Amino acid sequence: MIGRCTGKEVKKVAYKITEECISCGACEPECPNQAISEGETVYIIDPDKCTECVGAHESSQCADVCPVDTCVPDPEHAETKEQLLKKWRGLHPGEEPAPGTY
Ligand code: SF4
Ligand code: SF4
């Protein structure tokens, strides 16, 4: 099961957008890290900014709003929850992560 924490060493992963994206734009404003932008053919996620919503939300906002389920975990960007939280802290200096999101 990808993306769910059941122990210390469980890997989480950044999300990616597949070619089936219909470029509706619904996901872009929902990302707490401004990781989503319009690409040449479909919307894209910057893996250096995606924390799987760790630090901000209990679930991945892009996947929650996508009408065609094209925001999916990217196994090529597996990271631990601790790494994702560190990434979130780097993107939001001086802020505290929301309780229950990490
Ligand atoms: S999973 Fe969260 S942080 Fe990652 S791209 Fe989607 S909305 Fe942004
Ligand atoms: S919400 Fe889904 S279909 Fe719409 S732009 Fe984002 S990834 Fe593409």
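Modeller: Helices here are DSSP runs of H or I with at least four residues, and strands are runs of E with at least two, numbered from the N terminus. The model is predicted. Asp-69 lies in the loop between α1 (61-65) and β4 (71-80).

Biologist: How many residues apart in sequence are Asp-69 and Ile-17, and what separates them in space?

Modeller: They are 52 residues apart in sequence, and their C-alpha atoms are 9.0 Å apart. Over the whole protein chain, take the contacts with a separation of 6 or more: 71% of them join residues 24 or more positions apart.

Biologist: Which elements does the protein chain have, and in what order?

Modeller: There are 2 helices and 4 strands. From the N terminus on, they run β-β-β-α-β-α.

Biologist: Why are the buried residues of α2 said to line one face of the helix?

Modeller: In α2 (residues 81-91) the buried residues are Leu-84, Lys-87 and Trp-88. Seen down the axis of α2, they fall within an arc of 100 degrees, so they line one face. To be called buried, a residue needs 20 or more other C-beta atoms within 10 Å of its own. Buried residues make up 25% of the 102 residues in the protein chain.

Biologist: What makes a set of residues a nonpolar core?

Modeller: The members must be buried, come from a list that includes Tyr, Ile and Cys, and be joined through C-beta atoms within 7 Å. The largest such core has 13 residues. Those with the most contacts inside this core are Tyr-15, Cys-27, Ile-36, Ile-45, Cys-62 and Cys-71. Two elements, β1 (11-17) and β3 (43-45), each give two or more residues to this core. The most come from β1, which gives 3.

Biologist: Which residues is Ile-45 in contact with, leaving aside its neighbours within four places in sequence?

Modeller: They are Ala-14, Tyr-15, Lys-16, Ile-17, Ala-35, Ile-36 and Cys-50.

Biologist: How many residues surround each ligand?

Modeller: Ligand 1 is surrounded by 16 residues, the closest being Cys-31, Cys-50, Cys-53, Ser-60 and Cys-62. Around ligand 2 there are 14, with Cys-21, Cys-24, Ala-26, Cys-27 and Cys-66 the closest.

Biologist: How many residues of each shell are nonpolar, polar or charged?

Modeller: The shell around ligand 1 has 10 nonpolar, 4 polar and 2 charged residues. The shell around ligand 2 has 11 nonpolar, 3 polar and no charged residues. Cys counts as nonpolar, so the Cys residues just named fall in the nonpolar group.

Note on methods: Residues are numbered from 1 along each chain as its sequence is written. Chains are lettered from A and ligands numbered from 1 in the order in which they are written. This is a predicted model: local features need pLDDT of at least 70, side-chain atom pairs count only at pLDDT 80 or more; totals for chains, interfaces and linings use all residues. A residue is near a molecule or strand if its C-beta atom, placed from the backbone, lies within 6 Å of it. A residue is buried if 20 or more other C-beta atoms lie within 10 Å of its own, exposed if 12 or fewer, and partly exposed in between; C-beta atoms are placed from the backbone. Two residues are in contact if their C-beta atoms, placed from the backbone, lie within 7 Å. The arc is that of the directions from the helix axis to the C-beta atoms.
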